[in-house]
Amino acid sequence: MTTLAHTMMTAARSADSGLAGPGELDRYPYAEALGADRVSTSVWDATDPELGRVGRRSAGSRGRGLHGQLVQQLGQMIVSGDLGADRPLVPEEIGQRFEVSRTVVRESLRVLEAKGLVSARPNVGTRVRPVSDWNLLDPDIIEWRAFGPQRDDQRRELSELRWTIEPLAARLAAGHGREEVQQRLVDMVEIMGHSMRQGDALTFSRADAEFHSLLIQVAGNRMLEHLSGIVSAALQVSGGPIAGCDRPNEASLGHHARIVDALGAGDASGAEAAMRQLLAVHPEVERVVPAPREH
């Protein structure tokens, strides 16, 4: 095994990664706190401790500061519909409810505004914006939608988008092959094969994400490269049978290897066909879902 492969497998098991370990499902805290039987409960009046002080959060927020936790909490509440469109967000009220400073609230709302989730205007204040204004390609919003009431729609839309992006990227990459990138793709396939045999779904998923990111980068199209974050987010939130490359199995591994072979041979059509076959695989095993990224 190459040095890169060994390093990546070691890093994947790091306790500081913030990712769920094999066999775990590191769910978002709000999924536990906001059950279906509490839809009619006032968001700010909820008594569940998970919706209380931001500093007292579960494992889903490991490594996050107060700012990142508040962005996560408010973002999830907006995307899930618990804070509906045109809902006023009063900074003082948020600060009291989550026991954080005015500065933390202000910076968190700025992040949410940049994502299109809220708007702040003089004499109007800060309000939740409708879905039509959200930046639906933002990786955080992709994750929040995928773990909320819009879970099925989000994953279907991501699958459809990947079917548009990745076969094209594979075709283009066959004409822009570089030896060092080719070797890294080979390394990723090697890591996936080894981790699959070891039952290490986490390492498999990290190598998988690196494989697809490399493929899009080597395509030589900067606009496609700009969309690589969408593919990474799609791989992170794929929990249903929508894309075979999300699961450790022989069929998935074989398609990855065929893509690498086609790229090495400069076979654009073969690389595109292999990618389509990969995206069409429907595995049955459950996948470890990494925890949300830090802000």
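How many residues does helix H9 have, and what span does H9 reach from its first C-alpha to its last? In this predicted model, local features require pLDDT of at least 70 and side-chain atom pairs count only at pLDDT 80 or more, whereas totals for chains, interfaces and linings use all residues. Residues are numbered from 1 along each chain as its sequence is written, and side-chain values use heavy atoms, with hydrogens and water left out.

Helix H9 (residues 201-217) has 17 residues and reaches 24 Å, close to the 24 Å expected at 1.5 Å a residue, the expected span being 1.5 Å times one less than the number of residues. Helices (H or I, at least four residues) and strands (E, at least two) are DSSP runs, numbered from the N terminus. Of the 17 residues of H9, 13 are buried, that is, under 20% relative accessible area with a 1.4 Å probe and protein chains only.

Strand E3 (residues 125-128) runs antiparallel to strand E1 (residues 88-89), to which two bridges join it, and E3 also runs antiparallel to strand E2 (residues 118-121), with four bridges; strands pair if DSSP finds at least two bridges between them. Arg 127 in E3 stands opposite Pro 88 and also opposite Ser 119. The hairpin of E2 and E3 has three residues between the strands, and Asn 123 in the turn has a positive phi of about 65 degrees.

How values were computed. Buried means under 20% relative accessible area, exposed over 50%, partly exposed in between (1.4 Å probe, protein chains only).
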